Amino acid sequence: MRAVIQNSVGGPDVLAISDLPDPAPKAGEVLVRVKAAGVNPVDGAVRAGHYKLLGEPPFILGWDISGTVEALGAGVSGFRIGDEVFGMPRFPKQAAAYAELAAVPADEIAPKPSGADHIQAGALPLAGLTAWQGLVRHGGLKSGQRVLIHAAAGGVGHLAVQISKAHGAYVIATISPQKVDFVRSLGADEVLDYTKGDFADKLRDIDLVLETVGGDHAVHSLKVLKRGGVLVSLLNVSDATKTQASAQGIRVERMSVVPDREGLLKLAHLIDAKKLAVHVAKSFPLEQAGAAHAFLATKPIGKVVLTA
């Protein structure tokens, strides 16, 4: 099979296409012929050596996959050869999604939504599960709540806006000026251009904040949350911020996404109900994985995908 392998950490140029032996599914695994693999910020961080999730190179990046079942390992039921599937297997361990074939745990993938093609489905799992788990599992999202989504045009953010709206929330989004129209098109009730002042000076009585940016966004978000509100952060939150939150009666949840078949099924349902759509900024062939990483670094609207 062809796969994108890196033998050293560094810039996008360390990603190189190689011919490798086909993997074989072990007991409980499914061999997936990958049609599309999402490219996420964590991929770039691991590539550059900022996160040591996969140890030292060589390794194969990627967790998002969409494709078809090629073979079944011993004991696998519920799938047939040829089924279309998607998922985010093994995270944060190596899933080796940047390849033509991937052997993955059967209980960490799900049927691909019929309302999405492979490129859209390949873009969905990591960002979609991050938004779903952050809002619903950690944040306890409920209808009628006021929800603040930071960086609402990003991979996680644009899905979080739609998931919140699908749950009946009133959604406020912070965004750069050139992305305002896009986020409005997703259904956000209020869109704040972050270049026009501090959001904390304009908002109050927020029930739930999804914090995806870092810096001082977490502590500023405490200013807008009501007592009993929840701050869900994808990034580390300082002890001082946690102490301040506790004094204000605000719950802080620091989350990391995990494989989640139930969550995949929920996302697929929203896709098929036309309540959720994945915006793909651009797709690249496997051979151009380096170019895909370089493009992702420009912070495009939505997601970036590799096609096999």
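**Figure 1. Pairing of strands β4 and β5 in the predicted model.** Strand β5, which spans residues 84-87, pairs with β4 in the antiparallel sense, and four bridges connect the two.

**Figure 2. Strand β3 beside strand β4.** Strand β4 covers residues 65-72 and is joined to β3 by six bridges. The two strands run antiparallel. L31 stands opposite A71, a residue of β4.

**Figure 3. Strand β3 beside strand β6.** Strand β3 comprises residues 29-39 and also pairs with β6, again in the antiparallel sense, over five bridges. E29 has P105 of β6 as its opposite residue. Strand β6, residues 101-105, is mostly covered, with five of its five residues buried.

**Figure 4. The largest nonpolar core.** This core contains 91 residues. The members that touch the most other members are W63, Y98, L135, I149 and V183. Strand β3 supplies the largest share of this core, namely seven residues. Apart from this core lies another one of 15 residues, including L148, A218, L225 and I250. In soluble globular proteins, nonpolar side chains tend to be buried together.

**Figure 5. The surroundings of I149.** I149 is among the residues of the largest nonpolar core that touch the most other members. When its neighbours within four places in sequence are left aside, I149 is in contact with L135, G157, A160, V161, S164, V171, I172, A173, T174 and L210. One of these contacts, L135, is likewise named among the core residues that touch the most other members.

**Figure 6. The largest pocket and its lining.** The volume of the largest pocket is about 1,600 Å³. Its lining consists of 49 residues, and those nearest the pocket centre are P41, T212, V213, L234 and L235. Two or more lining residues come from each of the elements α1 (41-48), α3 (125-138), α4 (155-166), β9 (170-175), α6 (217-221) and α9 (289-296). Helix α1 gives the most, contributing five residues to the lining. Sorted by class, the lining holds 25 nonpolar, 17 polar and seven charged residues.

Terms used
Residues are numbered from 1 along each chain as its sequence is written. This is a predicted model: local features need pLDDT of at least 70, side-chain atom pairs count only at pLDDT 80 or more; totals for chains, interfaces and linings use all residues. Side-chain values use heavy atoms; hydrogens and water are left out. On a 1 Å grid over the protein atoms alone, a cavity is a set of points where a 1.4 Å probe fits but cannot get out, and a pocket is an open set with protein on both sides within 12 Å along at least five of seven lines; lining residues have an atom within 4 Å of a point. Grid points are joined across faces, edges and corners, and a volume is the space filled by probe spheres set on the points. Ala, Val, Leu, Ile, Met, Phe, Trp, Tyr, Cys and Pro count as nonpolar, Asp, Glu, Lys and Arg as charged, and the others, Gly among them, as polar. Buried means under 20% relative accessible area, exposed over 50%, partly exposed in between (1.4 Å probe, protein chains only). Two strands pair if DSSP finds at least two bridges between them. A nonpolar core is a set of buried Ala, Val, Leu, Ile, Met, Phe, Trp, Tyr and Cys residues joined through side-chain atoms within 4.5 Å. Contact means heavy atoms within 4.5 Å.
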